[in-house]
Amino acid sequence: MLRIDRATYDQIVAHARRDHPDEACGVVAGPVGTDLPTRFVPMLNAARSPTFYEFDSGDLLRLYREMDDRDEEPVVIYHSHTATEAYPSRTDISLAQEPGAHYVLVSTREPDHTDVRSYRIVDGEVTEEEVTVVEALAQGAATTGPAPSDDSTH
């Protein structure tokens, strides 16, 4: 299950909407070993494509060095699908290199509805997981609530 705070969830959706019709992509880092997505890092889609995303290799290297310096890891790796459902494509699955990460997909194909779903992708196997949006991720004092999309809490 992915637990994510409302502000970060909203930032991911806003980034996906802002970059539409191109796919948006980014990372939410968190302290190593905690599974807490705490630091939103929007990235540039170097492919600038409506059907494919690619992290700029220099930006990605800098991000991983920064995460190492801060004792962080990628907790969420997100991107958008602009014309299809929020489900990993074969390309998405083949590029998934972080077995501990939550792979979040945002479908922006409908202008008035955003579908946000999360998956674990390990060795090519895709497993959908529940997304729980909380008001804050503070030491267990968070108030939980469903994600705003009718399809985003599974």
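Student: Which residues have the most contacts inside the largest nonpolar core, and how many residues does that core have?
Tutor: The largest nonpolar core has 17 residues. M43, F55, L63, I77 and Y103 have the most contacts inside it. A nonpolar core here is a set of buried Ala, Val, Leu, Ile, Met, Phe, Trp, Tyr and Cys residues joined through side-chain atoms within 4.5 Å. Buried means under 20% relative accessible area, exposed means over 50%, and partly exposed lies in between (1.4 Å probe, protein chains only).

Student: Where does the model come from, and how are residues numbered?
Tutor: The model is predicted: local features need pLDDT of at least 70, side-chain atom pairs count only at pLDDT 80 or more, and totals for chains, interfaces and linings use all residues. Residues are numbered from 1 along each chain as its sequence is written, and side-chain values use heavy atoms, with hydrogens and water left out.

Student: What does M43 touch?
Tutor: Leaving out residues up to four places away in sequence, M43 touches H15, C25, G26, V27, F55, D59, L60 and L63. Contact means heavy atoms within 4.5 Å.

Student: What does a second core include?
Tutor: A second, separate core of 16 residues includes V76, V106, V116 and V131.

Student: Why would such side chains group together?
Tutor: In soluble globular proteins, nonpolar side chains tend to be buried together.

Student: New topic. In what order do the strands of the open sheet come?
Tutor: Six strands form it, in the order β3-β2-β4-β5-β6-β7, with mixed pairing. Its edge strands are β3 and β7, each pairing on one side only. Two strands pair if DSSP finds at least two bridges between them.

Student: How many bridges join β2 to β4?
Tutor: Seven, and the two strands run antiparallel. β4 covers residues 72–81. V28 has V76 in β4 as its bridge partner.

Student: What does α2 touch on the sheet?
Tutor: α2 packs on it and touches β2, β3 and β4. The direction of α2 makes about 170° with that of β3. Axes are lines fitted to C-alpha atoms, for helices over the stretch in contact, and angles run from 0 to 180 degrees between N-to-C directions.

Student: And which strand does β1 pair with?
Tutor: β1 (residues 2–5) pairs with β8 in the parallel sense, over four bridges. L2 stands opposite V131 in β8. Both faces of β8 (residues 131–134) are covered: V131 and V133 on one side, T132 and V134 on the other, are all buried.

Student: How many salt bridges are there?
Tutor: Nine, in a search of the whole structure. A salt bridge is a side-chain nitrogen of Lys or Arg within 4 Å of a carboxyl oxygen of Asp or Glu. One of them joins E128 and R117 (2.9 Å, N to O). E128 is in β7 (residues 125–129) and R117 in β6, eleven residues apart.

Student: Are those two buried or partly exposed?
Tutor: R117 is buried, at 13% relative accessible area. E128 is partly exposed, at 31%.

Student: What else does the R117 side chain contact?
Tutor: The side chain of R117 makes a polar contact with that of E85 (3.3 Å). A polar contact is a pair of N or O atoms within 3.5 Å; within protein, one must be able to donate a hydrogen and the other to accept it, and residues adjacent in sequence count only if both atoms are side-chain atoms.
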